[in-house]
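Reader: I am new to this structure and would be grateful for a close look at a single part of it. Please set that part within the chain as a whole.

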Amino acid sequence: MTGLDEPQRRQRFEPASAPFSGTLKKVQAQLQTSMAFSFTDEQEAFREVVQRFLGDHSSTADVRRMMETDTGFDADVWRQLAGELGLTGLVVPEEFGGQGFGDVELGIVMEEMGRALLCAPFFSSAVLATLALLESGTDAARQHYLPRLASGELRATLAVAEDGGSWDPADVQMIAADGALTGQKRFVVDGNSAEVIFVAARNGAGGDVGLYAVDANAAGLERRALNVVDPTRKLAELQFAATPATLVSGPDARDGLVTALRRAAIALANESAGGAQAMLQSAVDYTLMRVQFGRLIGSFQAIKHQCAELLLEVELAKSAAYHAASAAAERDDELPALASAAKAGTSDSFMRAAIACIQLHGGIGFTWEQDTHLWFKRAKSSEVMLGTPAYHRELMMQHWA
């Protein structure tokens with residue numbers, strides 16, 4: 001401390017401001033609460049059912065096969081996922097033909113799908129589109145679309161982001177006029193294969209944001225698949241030229257869309273937590289079979305330390321995702337901050353876990369034949385999906401400031 005007088009020491013080592021210190025205490029309290037989360041026996045049994053299904057239908061060979069196709073999924077697997085397990089209607093109320101479960105069960109499914117890297121339009125249809133309808137759709141629109149979404153008969157997606165890449169409904173610029181849409185939507189998940197697209201657009205110039213339904217075969221709609229880093233999750237760019245559209249929300253759907261996107265961000269956080277767990281397991285398994293200098297590399301202290309740090313990282317990410325899902329199910333007042341905290345934290349953890357897994361595999365980890373890069377690419381695409389970690393940290397700090 002030589003060279004610093006007392007005021008300088010306080011300025012350097014004490015919190016910059018009382019509000020910021022209070023925010024950190026709230027973050028710490030929420031993390032402590034999340035660490036105490038546990039699943040019920042029924043939820044664990046449900047997880048096992050999902051795991052068995054994915055074990056049979058989402059091997060790395062299946063993933064590689066699907067990512068080479070235009071649609072990115074197997075129609076037979078989709079029908080089984082919808083019909084045998086009823087997963088497509090997981091969060092749809094029973095009155096609309098769904099299972100009537102909540103965000104915790106959705107988180108379980110997404111975590112296992114992230115672990116198995118399932119290639120299917122589940123996130124686009126059963127999460128984004130379904131939540132958008134649940135949170136902002138009219139009763140008539142729910143009656144019309146939700147039963148078919150729940151059964152898997154209909155595949156839909158949600159289009160929000162435009163040229164700037166923002167998922168905030170407040171940044172939507174597309175205009176709806178005289179029952180038609182004109183403009184562009186980007187980074188639409190499964191936008192090339194969805195049968196209905198729910199589009200966020202303004203009701204006239206300067207108007208409120210509404211939710212519109214567009215049939216995939218509508219006149220004036222052009223869909224172009226994007227060349228993306230992650231071929232396991234298909235994205236598309238959509239061009240609308242006076243395309244017929246039906247308003248399926250009230251005049252102002254912004255608040256509902258914000259809530260839907262928060263819940264979707266939590267679902268994505270759980271998927272990332274599952275992917276991070278897969279990378280941890282892959283890294284540990286490899287270090288326990290790879291021999292170097294006459295010893296298993298997992299016996300070296302440096303490798304042990306790296307795996308231990310990775311375990312801590314993954315467990316913290318899972319706890320944040322679980323707690324956020326529980327908060328969404330209970331409509332907790334802290335949901336905005338918890339959703340952003342989970343999305344930011346799990347995105348970073350998944351990315352670091354994938355990088356560490358590649359490094360621990362050594363030279364083989366960088367090859368096409370080794371499967372680690374599949375999760376690395378999903379980590380990279382999920383990192384920016386629904387907002388970057390930096391964006392969500394800013395939202396979290398604004399809420400807790």
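Author: A contact here means heavy atoms within 4.5 Å. Among contacts in the protein chain between residues at least 6 apart in sequence, 74% join residues at least 24 apart. The model is a predicted one, in which local features need pLDDT of at least 70 and side-chain atom pairs count only at pLDDT 80 or more, while totals for chains, interfaces and linings use all residues. Residues are numbered from 1 along each chain as its sequence is written, and side-chain values use heavy atoms, with hydrogens and water left out.

The chain holds 13 helices and 10 strands; these are DSSP runs, numbered from the N terminus, with helices (H or I) of at least four residues and strands (E) of at least two. Of its 401 residues, 53% are buried, a term for under 20% relative accessible area, whereas exposed means over 50% and partly exposed lies in between (1.4 Å probe, protein chains only).

S193 is buried, with a relative accessible area of 14%, whereas N192 counts as partly exposed because its relative accessibility is 35%.

Leaving aside residues up to four places away in sequence, S193 touches T71, F73, R155 and R223. With neighbours within four places likewise set aside, N192 is in contact with R223, R224, A225 and A236. The C-alpha atoms of N192 and A236 lie 5.8 Å apart in space, although 44 residues separate the pair in sequence.
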